[in-house]
Amino acid sequence: MRRPPRDNAASQRRVTRRGLVIGGLQVGIMGALALRMRHMQLDQADQFRLLADENRINIQLIPPTRGRIFDREGRVVAENVPSYRITMVREQAGDVDDIISRLARLVELDAGELEKARRELQELRGDTPVTVADRVTWDAISRVAANAPALPGVHPEVGLSRRYPLHEDYAHVVGYVGPVSDRDLERIDAPEQLLRLPRFQIGKIGLEARRENLLRGSAGTRRVEVNAAGRVMRELNRQEGEPGADLQITLDNELQSYVNARLAGESAAVVVLDCDSGDVLACASSPSYDPNLFVRGISVADYRALLDNPYRPLPNKAVQGIYPPGSTFKMVTALAALEAGAVTLDETVYCPGHMEISGRRFHCWKRAGHGNMNLHLSLRESCDVYYYDLAMRTGIENISAMAKRLGLGVQFDLPMTSVAQGLAPTRDWKLANRGEPWVIGDSANTAIGQGFVLASPLQLAVMTARLATSRSVTPRLIKSVNGVEQPTGHGEDLGLNENLLREIRRAMFAVSNSNRGTAYRSRIVEDAFRMAGKTGTSQVRNISSGERATGVVRNEALPREQRDHALFVDFAPFDAPKYAVAVVVEHGGGGSTAAAPIARDVTLQALYGEDPPLAAYPSVDRPRIKTQQEQLRKARPRPGRGESDRA
Amino acid sequence: MSYLEHTVKTTPNGVRKILFLNWPLIVLLVAVACIGFLMLYSVAGGNLSTWAEPQMKRFALGLGVMLFVAMVPIWFWRNVSLLGYLISLALLVAVALIGIEGKGAQRWLDIGFMRLQPSELVKITLVMILAAYYDWLPLSRVSRPVWVVIPVAIILVPVAMVLRQPDLGTSILLLAAGGVMMFVAGVHWAYFVSVILALSALIFAVFESRGTDWQLLENYQYRRIDTFLDPEIDPLGAGYHITQSKIALGSGGWTGRGFMQGTQSRLNFLPEKHTDFIFVTLAEEFGFIGAISILGLYALILVFCISAALANRDRYSSLLILGVAMTFFLFFAVNMAMVMGLMPVVGVPLPLVSYGGSAMLVLMVAFGLVQSAHIHKPR
């Protein structure tokens with residue numbers, strides 16, 4: 001094709017001109033791009049870097065290991081054991097149903113758990129591990145691990161789980177842990193993020209709950225890098241938390257186990273105190289339950305059974321059960337009267353079997369009457385009339401004040417759930433709470449531990465320890481925290497007249513060791529370990545006027561829940577008191593028949609630190625005690641066999 | 001002496017042609033491609049075979065094709081311009097009828113050994129046909145309305161077909177490249193000014209009519225336009241990608257986070273990190289220095305192309321080279337503007353760097369044409 005050269009040249013000029021215009025435009029646009037880059041990458045770099053880090057960095061909590069609990073000898077009470085579970089990741093598994101059926105051939109899978117797992121596998125993101133089986137055995141885990149190639153996406157995992165190796169023995173003292181519930185979260189203001197971790201457990205009741213702050217420890221953190229799908233790619237750094245403190249409690253595993261076994265079949269409570277330090281050596285409430293059930297999540301049926309049991313296994317009767325102390329209160333009345341100078345040691349009161357007080361007849365337990373009673377005899381034989389008379393002379397305020405000095409009506413700060421305050425009634429208390437003025441009959445009832453006065457087995461044990469030592473012994477439950485010894489409850493001198501106290505103790509000695517004493521049959525014959533005690537029988541029901549006329553119905557003829565509570569308090573050895581014991585048998589009948597034998601067995605067990613020789617018992621009891629010892633040996637868990645028991 | 005005789009006599013022939021290649025341009029292309037390999041290796045998490053290796057093979061093939069195209073005299077290419085244009089139109093028709101769908105668009109033709117994307121091919125054939133048209137058209141007629149309507153039709157037919165696929169990015173590219181060709185060829189200013197004014201008026205009218213009784217579009221269409229123009233109003237949908245892209249780019253700072261250390265791309269926060277958003281990975285890992293360097297390389301490629309075009313006295317050649325340069329410029333400028341949040345995301349790859357076969361081959365053919373024009377220029 002031909003082209004005029006002039007045209008060609010003109011074209012060339014125009015192309016050049018317009019080409020340069022376009023080039024200039026391009027330069028302008030590129031300049032704008034460069035400026036934008038500069039602005040974003042240099043001026044705003046920090047801000048974008050921060051956003052990028054926010055994108056990729058996740059902070060995760062590392063749950064701390066819960067502190068363990070040991071008994072006073074360092075034997076395990078609560079520990080953390082590895083717990084194995086099997087999880088599954090859908091993305092890695094591929095055909096979920098196929099893998100589950102393969103898994104089912106190796107491990108027993110719970111139908112309910114499996115149902116939940118299937119649902120979660122469908123609903124949750126594909127890379128989320130879903131628990132298919134929880135708390136599986138080591139054998140099952142090893143089978144899964146051995147078959148790993150055939151089970152893609154299935155992972156055996158290990159975590160820590162609380163275990164109470166002594167099962168029932170410590171249910172009421174130590175309590176148990178359980179998963180954090182919504183109610184727990186509501187109760188705590190500003191709950192730690194840690195509590196929201198799935199599978200995290202906190203103390204629900206007992207020591208586990210009351211010393212949660214010590215046992216829990218603090219969470220560590222790890223910063224991890226996640227990708228856009230939220231999957232963890234690597235750990236960037238890790239800050240370890242603080243494991244929970246190990247607690248050593250004052251109880252003795254062997255004694256505690258013995259007491260629990262001894263109380264089997266009864267609705268009863270026992271507290272054993274060390275007279276010197278106030279250490280709670282045993283604290284049992286029967287019947288008990290296995291706290292491990294709660295850790296796992298108790299079944300509705302099991303829980304129902306515990307709630308419906310008429311013997312009430314759930315509350316801790318030893319510290320939260322409050323009972324009219326009955327005749328065990330007579331030491332308080334006696335001491336109050338003596339200290340107030342209302343009565344002398346030798347003064348006698350005649351007991352005809354009853355006493356008229358403002359027109360009402362108050363009976364002595366012994367219808368025929370005790371005749372002339374002085375203080376010693378009145379305690380030994382537990383004469384009621386003597387104490388009615390003392391109440392008139394002493395006045396309720398003195399009695400109530402003495403009760404408080406001895407630990408009744410005082411709430412002890414023990415780290416257990418619902419430690420009861422009990423009640424040492426006063427005039428003001430009655431007016432404020434009942435809206436009625438105090439009447440003289442109330443004083444008479446209080447004097448024999450009936451009426452308004454209420455005490456827990458723990459308080460009765462404290463009272464006994466204080467009577468035995470003249471010191472304000474205070475109970476102590478935690479011996480040491482992470483090896484640091486806690487202050488003891490040794491206590492200051494009560495400031496009571498030692499001569500008077502000695503007489504009270506002598507009378508208590510007579511209760512157990514004089515053949516006229518109410519607890520003579522439950523005596524200790526080993527001279528070095530003689531015990532001094534006091535029986536108590538407290539009425540549960542009001543005795544009707546009809547009954548008063550016709551005579552009180554015998555206890556055995558009553559339905560169980562109307563029978564009297566049986567109580568017994570003692571300390572031993574008499575000469576140098578080491579242990580104070582309080583026993584309450586709910587609806588057990590008489591203190592001398594139902595409570596005193598238990599108290600003697602427990603006291604001897606504490607004194608010997610093992611099954612006592614039969615020689616410590618009166619010869620008539622020995623055959624029965626021998627079989628009983630054999631039975632109890634079988635019934636209680638023996639340490640050092642099978643389970644690793646020592647820390 | 002006829003023009004043809006002139007060129008035949010003075011152009012180099014045989015193996016000597018290699019000496020007359022525009023070597024700086026080839027070096028620049030290889031340099032950019034190498035950066036691409038590096039980035040593809042990085043976004044694959046240090047894996048060569050995922051993306052980098054296929055890309056290297058394609059580039060090698062592309063270089064071969066480029067040299068082959070360069071060896072063929074430019075007048076041959078001019079003479080087949082119309083044919084090429086018609087073939088690419090036919091392929092566009094074919095893709096509309098029997099094309100393969102992917103990512104919600106029908107763009108590919110399966111021709112056995114590879115998947116062909118006719119919309120890529122048309123980018124080069126449109127430039128060729130327009131260059132040939134204005135080479136053929138006497139300068140005196142260039143601005144006459146009849147002769148303006150013809151190139152407009154030539155441009156709009158493929159644009160409409162690509163838009164139907166739908167492929168907005170390529171449509172805009174074709175439209176802009178065609179417009180620039182017409183501008184460079186000497187069409188009167190008034191045409192461009194009036195088109196720009198008319199378009200502005202239309203856009204103004206569309207937005208102004210919103211919410212009135214003469215509303216020009218449906219409500220849902222307005223909402224689409226809204227998210228298209230400002231993706232950040234939909235932060236979890238369309239906005240997510242552009243937000244992550246800006247974070248990645250900005251967090252690069254001066255020197256970047258280091259090779260293979262870009263958290264945004266490595267942890268998959270970036271979308272399409274090996275194709276449309278690869279520039280962001282580069283900017284994240286090598287920072288401002290890396291980003292400005294590749295912009296500089298692109299600018300140098302443009303400089304060499306434009307100077308080659310302006311130095312070429314053959315009208316077809318210079319128009320063709322300018323068209324190729326413009327297409328190339330639009331590729332990277334639109335891509336960069338897009339990932340920096342300066343314009344809506346339209347799906348344009350970064351030339352020579354983004355992973356993808358058709359685009360790379362077409363670009364290499366285009367640069368082959370540039371080389372051919374350079375070798376066979378009138379001397």
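Predicted model: local features only at pLDDT ≥ 70, side-chain atom pairs only at ≥ 80, totals over all residues.
When neighbours within four places are set aside, A:Val583 is in contact with A:Ala268, A:Val270, A:Leu567, A:Phe568, A:Ala595, A:Ile598 and A:Ala599. In soluble globular proteins, nonpolar side chains tend to be buried together.

The relation between the two domains of chain A was examined next. According to the domain assignment, domain 1 of chain A covers 58-249 and domain 2 covers 253-645. Their C-alpha centres are 44 Å apart. Across the boundary, 37 residues of domain 1 of chain A are in contact with 29 residues of domain 2 of chain A.

On the side of domain 1 of chain A that touches domain 2 of chain A, at least two residues each are supplied by strands S3 (76-89), S5 (154-163), S6 (176-179), S7 (201-205) and S10 (247-249) of chain A, as well as by helices H7 (171-174) and H9 (206-210) of chain A. The largest share of this side, four residues, is provided by H9(A). By class, the side of domain 1 of chain A that touches domain 2 of chain A comprises 17 nonpolar, 13 charged and seven polar residues.

Terms used
Residues numbered from 1 in each chain as written. Chains lettered and ligands numbered in written order. Domains from an automatic or database assignment. Contact = placed C-beta atoms within 7 Å. Nonpolar A, V, L, I, M, F, W, Y, C, P; charged D, E, K, R; others polar.
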